[in-house]
Amino acid sequence: MDVFTDPENLDAFVSGFVWILKLTGASAVCALVIGVLLAAMRVSPVPVLRVFGAAWVNIFRNTPLTLVVFFCYFGLYATLGLSLSQELDVNIYWLGVIGLSTYTAAFVCEAVRSGINTVPTGQAEAARAIGLSFAQTLRIVVLPQAARSVIAPFGSILIALCKNATIVGTIGLVEASSVMKDLLNSYGNAVILIFLVFAGTFAALLIPTGYFFGWLANRLAVKR
Amino acid sequence: MSTSNVLYDHPGPRAKVRNAVLSVVFGVALLGLLYWIYTRFDQANQWEPRLWEPFTRSATWTQFILPGLWATLKAAGVGMLLSLAFGIVFAFGRLSDRWWISVPAGMVVEFFRAVPLLLMIFFIFYGVPFLIKGPVTAFWAVVIGLTLYNGSVLAEAFRAGIRAVPGGQSEAAYAIGMRKNQVMRMILLPQAARAMLPIIVSQLVVLLKDTALGYIVAYPELLQRGVNDLAANYGNIIACAIVAAVIYIVINSLLTWFAGWLDRRTGVRAFRVPKQTAPAGADSTPEGGATVSEPQG
Amino acid sequence: MRMKRMAAVAAVAGLAVAMTACGGDSDEGGSGTGAGGIVGKAESQNKLVIGVKADQPGLGLQTGSQYEGFDIEIAKIIAKGLGVEESGIEWKTTVSANREPFIEQGTVDLVVATYTINDERKQKVNFAGPYYIAGQDLLVKADSTLTGPDQLAGKTVCSVTGSTPAKRITENYPDAKLQQFDAYSKCLPLLENGQVDAVTTDDIILAGYAAQDQYAGKFKVVGSTFSDEPYGIGLKKDDTDGCEKVNEILKAAAEDGSYKAAWDATLGKSGTPAPELDTTKLTHCGAV
């Protein structure tokens, strides 16, 4: 039971979860921005934008994240030469953020789109009637109302994103799951303890997050 | 609200011109980007015939890609069946009137939704043998991991669906003398299953993609066989990954298309599922056909 | 109405059933915990399940339905010595992380998969051999000036996540930058493109990659090993008889030239002469 008293292991454990949180934070922001833009494209009057939005969603939603992250490393970095930092792990981190956010954006886009569907038709019609443009209708009238109904799905997406961050380990970032694998290899007699500590940490981070979003969704729900 | 054209007026002459200009500008920029990517890949010799020639050999397909694909589908298929069963059982469990059933069921579902699948599979393969004093094959490690996670998500979806069935349905059922068990089984579940069909199927797409994580225990699925092992033979890992991605996209698109077809087939729903109120929300409202599942893996 | 809702439920179930139909063939090729270990099993069933690598050119590489490489040839020699025909061998792909579990759980009878003998592993499994002494080395571009691990400061080295070579780099050469993946085949395109300066693992594995057609002439193995990796044949911890029998077979193979033939047919193709198998170093089976 000395796995987690060794300061070296404790450091690895902490840094593993710090990477997970950093990946989640940066990717959540990027995915939100890209996802909302994609949703706007999908409902826009310009056909090419609609096609682009739909293609993005279909490609990224149907590809395993492992492959998306792989292409970020081997496509963007190794082939196209996109280097984001001199530091090896910082570079991997940003490539991971790109992969996670392009992938998650597809899900954000679909959540926003079904959120738009919950806004009564009359709202948009009234906005058009007073002469608002498409962008104004979306920005001032529809999206603010849609926002309330997408909180619950956003909670689910955020939780999934945090768990998905472990997949960046496949391109060499030593995040929580890689640390767990290492520890399991070195401490074969404490397998159960190691798993419970790592899984428990994820549960302790994510279950409250889920309840928070549920509470928020209830509080801000539009009564119709 | 249908998104077709409620958000903007029917385009007049000026709007048409503007849309056309935007289309062309964006289209050209996009094609330019794609062309740039193409040339950079070309400079890196990624289009060399040597790297792509293996895909014209039958052995590549019969020995690597198809067996890998089959292993992927097998794990996904068994995982889907078990997830549905798990989901139904635990949805009922959470809705039980007896706290000693509903509370543990809730804890199980919440826990497995919060643990990354990568950790689960790894633990089942390496940790569980210590507990059961016997081996766990890679296949079952993957399938059980998929079942626990996706089953938990489906349990939440079923629960939300069951709670959304109009109250009159169960009241009427109780009124004609049905027991709770019968009401659940014969009245609520069939209606909930139909209403939640889009979510269920999109979760199954997620499940299919998640089999890719089987590489962690060397389960010989599509990525392991079609990318890692194949590339060890020909040194063409990027080409292999592109082919694998296309296969995943085609299969998942078919599954999604099938879901849409099924949804239309089953006709007008008797009721609409309102916005989620469950903690951590079971994903989304199926209104308008748009669905959001948890984007794991 | 009833028909419709039945249809919906049936459709969901049907979808899943359709995907599992014919999915019944079993996945395990387990050997069971047959008393008497591999010797007994080979005699009574004329079958062996052998765990090998599938992604290491020259050592254990799956090419279509066949496996080929030095490890595969060694495995065939051992099977033959135990009286099992080549057709009685069931090859099972293993990766580094699942070799001990596969042996302990009886998924495989033997493991011949670039398997370094060390004390930690001896706690869990028994080793026959060593049949080859490898050593950690560096693979670099043909025109590279790197000559050893001491010059790695500031350079990027690629290896497999959590592997012994990767750990040795972090511990002994902390100034080197370490890029880790789940397979060596991912390191090689990066070495070719110059994103990493070297790939590190056992010299024999590196030589296998360097000799592949598509990399011919592009890479070289530096040739200054900085560890000893005695490759053993893994079997169940309590199978001392089996272990001793395998050692006898290896000894005989060194004497009758079949060991050399195995080398010449595989790794020897790149021109490296066959090593001498030092039969005095064969392990004392069961002695931890």
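Author: C:T114 counts as buried, with 24 C-beta neighbours inside 10 Å. Buried here means 20 or more other C-beta atoms within 10 Å of the residue's own, exposed means 12 or fewer, and partly exposed is in between, with C-beta atoms placed from the backbone. Bear in mind that this is a predicted model, where local features need pLDDT of at least 70 and side-chain atom pairs count only at pLDDT 80 or more, while totals for chains, interfaces and linings use all residues. Residues are numbered from 1 along each chain as its sequence is written, and chains are lettered from A and ligands numbered from 1 in the order in which they are written.

Back to C:T114: its phi is positive, about 40 degrees, although it is not a glycine. You'll find C:T114 in the loop between β6 (110–111) and α5 (119–122) of chain C; helices (H or I, at least four residues) and strands (E, at least two) are DSSP runs, numbered from the N terminus. Most residues other than glycine have a negative phi, and most peptide bonds are trans.

Chain C has a cis bond too: C:G129 and C:P130 are joined by a cis peptide, with omega about 5 degrees. C:P130 sits in strand β7 (residues 125–134) of chain C.

Now hop over to chain B. B:N45, another non-glycine residue with positive phi, has a value near 65 degrees. B:N45 is exposed, with 12 other C-beta atoms within 10 Å.

Further along chain B, helix α12 (residues 237–265) has 29 residues, which at 1.5 Å a residue should span 42 Å; its end C-alpha atoms are 42 Å apart, so the two agree. That expected span is 1.5 Å times one less than the number of residues. Buried residues in α12(B) include B:I237, B:Y248, B:N252 and B:L262.

Helix α3 (residues 65–79) and helix α4 (residues 88–117) of chain A pack at about 135 degrees, with their axes 9 Å apart. Axes are lines fitted to C-alpha atoms, for helices over the stretch in contact, and angles run from 0 to 180 degrees between N-to-C directions. α3(A) and α4(A) are therefore oblique to each other (under 35 degrees is roughly parallel, over 145 roughly antiparallel, 65 to 115 roughly perpendicular, the rest oblique). Among the residues making the contact are A:L65 and A:Y77 of α3(A), and A:L95 and A:Y103 of α4(A); contact means C-beta atoms, placed from the backbone, within 7 Å.

Conventions
Contact = placed C-beta atoms within 7 Å.
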